[in-house]
Amino acid sequence: MDRLDAMSLFVATVEAGSLSAAARRAGVPLATVSRKLTDLEKHLKTRLLNRSTRRLTLTDAGQSYLTACRRILDEVSEAERTAAGEYSSPTGELVITAPVVFGRLHVLPVITAFLAVYPQVDIRLTLSDRITQLAEEHIDLAVRIGELQGSAMVAIRVGSIRRVVCASPAYLAMHGTPEKPQDLAGHNCVTFEGLAAPATWSFGSGKTETTVPVRSRLQVNTAEAAIDAAIAGLGLTKVLSYQADAAVRAGALRVVLEPFEPPPWPVSLVHAGQGRLPVKLRAFLDFAAPRLKERLARSL
């Protein structure tokens with residue numbers, strides 16, 4: 001039995017939540033995963049997992065063994081990275097995640113420039129609006145928008161993002177420009193469920209925070225759809241500033257209610273920061289941070 005392989009499959013099974021999900025992640029048949037976990041339990045002479053038709057749960061022995069496996073696999077990975085030269089020169093693969101639209105507009109151009117400078121580094125970029133778990137999903141670096149409350153990660157702030165209300169000039173000419181949040185009661189709105197509730201919008205913060213009802217003529221689940229509907233004159237919409245930046249610069253949208261905007265959200269590069277950083281990660285942080293700061297300083 002290849003003990004390291006069995007440990008890896010055991011950890012993958014726990015993280016994936018099922019044998020079938022672990023098999024898909026590892027690219028091996030389900031029967032292989034089941035057999036290797038059974039062989040591992042026989043070798044240890046103890047049960048690690050309680051299997052049922054609905055879910056897997058760790059036994060007490062399994063919980064202790066999971067902690068040890070993660071430590072051992074991390075140490076093996078660290079040794080391999082050292083042997084491969086990742087601590088002496090930028091080389092190897094970097095796994096990065098970022099929000100979908102922000103990643104496409106801002107992170108991808110920086111990555112493209114980085115890869116041209118560092119030919120020995122490869123990057124796997126995942127664009128997703130869900131919050132990923134860096135350690136569990138083996139991600140080197142995440143771009144996060146928003147406050148990082150209670151996070152043990154190392155964060156490098158590269159800028160901030162506003163939450164803006166905007167509408168087309170044609171809509172504002174026909175219906176008037178709201179001067180205060182309460183004026184929204186007389187306007188049509190396009191709501192984007194990823195940022196604000198469809199029935200109310202909030203402005204300001206702390207003692208000055210105001211929540212007002214809005215009439216949602218259209219609810220959508222992407223910022224792009226909300227912006228397109230606003231450009232078409234359907235009503236006002238509330239999105240993140242970088243999402244509307246191109247339309248505002250082109251004159252297709254105008255930002256309103258700026259004095260009442262809530263505080264901007266920070267944009268950060270986040271990594272685990274435990275022990276020595278691989279040179280490839282350090283090189284990317286040094287390369288990307290000033291360029292993202294510059295890009296965000298120029299944006300809306």
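Begin by selecting strand β3 (residues 92-98) and strand β5 (residues 141-145), two parallel strands that are joined by two bridges. The model on display is a predicted one. Within this pair, select Ile96, which stands opposite Leu141 of β5.

Five strands form an open sheet with mixed pairing, and their order is β4-β3-β5-β14-β6. The edges are held by β4 (121-127) and β6 (154-161); each has a single partner strand, so one side of each has no neighbour in the sheet. On average, neighbouring strands here are turned by 20° against each other, direction ignored.

Is Ser268 buried or exposed? Its relative accessibility is 5%, and Ser268 therefore counts as buried. Setting aside neighbours within four places in sequence, Ser268 is in contact with Ala142, Val143, Arg144, Leu148, Ala155, Ile156, Arg157 and Val158.

Finally, move to helix α2 (residues 19-26) and select Leu19, Ala21, Ala22 and Ala23, which are buried. What covers the buried residues of α2? The cover includes α1 (3-16), α3 (30-44), β1 (49-51) and β2 (56-58). The tour ends just after α2, at Gly27, where phi is positive, at about 70°.

Definitions and conventions:
Residues are numbered from 1 along each chain as its sequence is written. This is a predicted model: local features need pLDDT of at least 70, side-chain atom pairs count only at pLDDT 80 or more; totals for chains, interfaces and linings use all residues. Side-chain values use heavy atoms; hydrogens and water are left out. Two strands pair if DSSP finds at least two bridges between them. Helices (H or I, at least four residues) and strands (E, at least two) are DSSP runs, numbered from the N terminus. Axes are lines fitted to C-alpha atoms, for helices over the stretch in contact, and angles run from 0 to 180 degrees between N-to-C directions. Buried means under 20% relative accessible area, exposed over 50%, partly exposed in between (1.4 Å probe, protein chains only). Contact means heavy atoms within 4.5 Å.
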